Structures are given as C-alpha cells and as structure tokens.
Amino acid sequence: VFVSGGATGIGAAIVEHYVAQGARVAFVDIDRNSAEALVARLADTGPKPLFLPCDLRDIAALRDACARASAALGPIRAVVNNAARDDRHTIEEVTPEFWDERMATNLRHQFFVSQALAPAMADAGGGAIVNFGSVSWMGMTPNIPVYLTAKAAVQGLTRALARDLGDKKIRVNTVVPGWVM
C-alpha cells in the first residue's frame, strides 16, 4: 500500500488500519516528526510502515519515493492519494503562487502517484487507486475557493484514470469524506 499524506489525520488512520491488517505500507509526508511518531506508535501492531520523507509538490522527489516504496515492498497494489491542505482563504487573497501551490498539494500529486505506480500494479495483475475528494465543493463551503476547485477536479481525474486503467484491472475511485474535525 502507498499512502500520500500519511503522517497525520485521515492519512495516519489509513496507515494504522492497513498495518493492523498486516499490509506492507509505505507513506509519504512532509511532516517528519509526526510520521516518525506514527511509525514508533505502530511498532507492535503489524509490519513496520515505511516512512519516506517527501514534499509531494516536488514531482521528481515524489516519483523517487514511489520507486523506493516499490523497491522496498514489491509491486504496490493499493494507492491512497490522501494528502491535502484546506486553509481558509478569500478570492481576493489568492495569488498565482498560492493557486499553483494548492493545486500541487490537493490535486496534482494524485495524478503523478498514479502515473508512477500504475504500470507495476498492472503487471502484478491489477489493484486499486483511491483518490480523496471532499464534500466541501458539493456543499459550497465558503472561503476556500481554490481547495473547492481542486477537490471538484479530483472527481474528473478519477473518472479519467478509471477509464484509462480499467482494462489493466486497476479500479480507481474517489472517497468523499464528510467534514472531519
């Protein structure tokens, strides 16, 4: 299993539950302290998860992390594209740099992780990619227009990947959690 944003929140719960089921898990995150604490906390619950420090906005580093995860664990059969950032912002506050950074954090990595891991997944007989969306764009949550745009686009990305990877026995779905405190 490969998880993006696995050090805290939903991502940490995903890592924890896969480990408890006996899965071999690799995860990336920018938060080294939280990731190392999670690995230590899970020491006696199942296979030790592999933490790969990575700023997923850096596509070369992200591709490298995917390759290192595959080298350490074998073909990745499940991907959970979870990483996101939903800081509140107004339309007036958005700069081109803010836009680009949030699209990289909330959307772009989902495509590039899938691109990097799908070939070996297909060669191994298939698998599953789960992209995390958000209910926020459906409910028109105020003061996060860039986040809403990225999370709405996750659904389009998921449909495109499902269409193009389905014949390789790779399922691609979006999970849309409700509001998480």
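Where does Pro-49 lie? Pro-49 is placed in the loop between α2 and β3, where helices (H or I, at least four residues) and strands (E, at least two) are DSSP runs, numbered from the N terminus. The model is predicted: local features need pLDDT of at least 70, side-chain atom pairs count only at pLDDT 80 or more, and totals for chains, interfaces and linings use all residues. Residues are numbered from 1 along each chain as its sequence is written, and side-chain values use heavy atoms, with hydrogens and water left out.

**Pro-49 and its surroundings**

- Pro-49 counts as buried at 3% relative accessibility; buried means under 20% relative accessible area, exposed over 50%, and partly exposed in between (1.4 Å probe, protein chains only).
- Not counting residues up to four places away in sequence, Pro-49 touches Val-15, Val-19, Val-25, Phe-27, Val-39 and Leu-42, contact being defined as heavy atoms within 4.5 Å.

- Leu-50 belongs to strand β3 (residues 50-53) and is partly exposed, with a relative accessible area of 25%.
- Setting aside residues up to four places away in sequence, Leu-50 touches Val-25, Ala-26, Phe-27, Arg-68, Ala-69 and Ala-72.
- The C-alpha atoms of Leu-50 and Phe-132 are separated by 21 Å, the two residues being 82 residues apart along the chain.
- Arg-32 is located in helix α2 (residues 32-41) and is partly exposed, with a relative accessible area of 45%.
- Apart from neighbours within four places in sequence, Arg-32 is in contact with Phe-51 and Pro-53.
- Between the C-alpha atoms of Arg-32 and Phe-51 there are 8.6 Å, with 19 residues separating them along the chain.

**Helix α3 against helix α4**

- The axes of helix α3 (residues 59-73) and helix α4 (residues 96-123) come within 10 Å and cross at roughly 40°; axes are lines fitted to C-alpha atoms, for helices over the stretch in contact, and angles run from 0 to 180 degrees between N-to-C directions.
- That angle makes α3 oblique to α4, because angles under 35 degrees count as roughly parallel, over 145 as roughly antiparallel, 65 to 115 as roughly perpendicular and the rest as oblique.
- The α3 and α4 crossing is right-handed; a crossing is right-handed if the near helix is turned clockwise from the far one by less than a right angle, and left-handed if anticlockwise.
- From α3, Ile-59, Leu-62, Arg-63, Cys-66 and Ser-70 meet Arg-108, His-109, Phe-112, Val-113, Gln-115, Ala-116 and Leu-117 of α4.
- The residues of this contact of α3 with α4 comprise seven nonpolar, three polar and two charged; Ala, Val, Leu, Ile, Met, Phe, Trp, Tyr, Cys and Pro count as nonpolar, Asp, Glu, Lys and Arg as charged, and the others, Gly among them, as polar.

**Helix α4 against helix α5**

- The axes of α4 and α5 come within 10 Å and cross at roughly 15°, which makes α4 roughly parallel to α5.
- The crossing of α4 and α5 is right-handed.
- The residues of α4 that meet α5 include Phe-98, Trp-99, Arg-102 and Met-103, and those of α5 that meet α4 include Val-146, Tyr-147, Thr-149 and Ala-150.
- By class, the contact of α4 with α5 holds 14 nonpolar, four polar and two charged residues.

**Cysteines**

- The structure holds zero disulfides, a disulfide being a pair of cysteine sulfur atoms within 2.5 Å.
- Cys-54 is in no disulfide, and the nearest cysteine sulfur, that of Cys-66, is 7.8 Å away.
- Cys-54 is buried, with a relative accessible area of 8%.
- Cys-66 is also buried, with a relative accessible area of 1%.

**Positive phi outside glycine**

- Met-140 is not a glycine, yet has a positive phi of about 55°.
- Met-140 sits in the loop between β5 (127-132) and α5 (145-165) and counts as exposed at 67% relative accessibility.
- Lys-169, likewise a residue other than glycine, has a positive phi near 65°.
- Lys-169 occupies the loop between α5 and β6 (170-175) and is exposed, with a relative accessible area of 61%.
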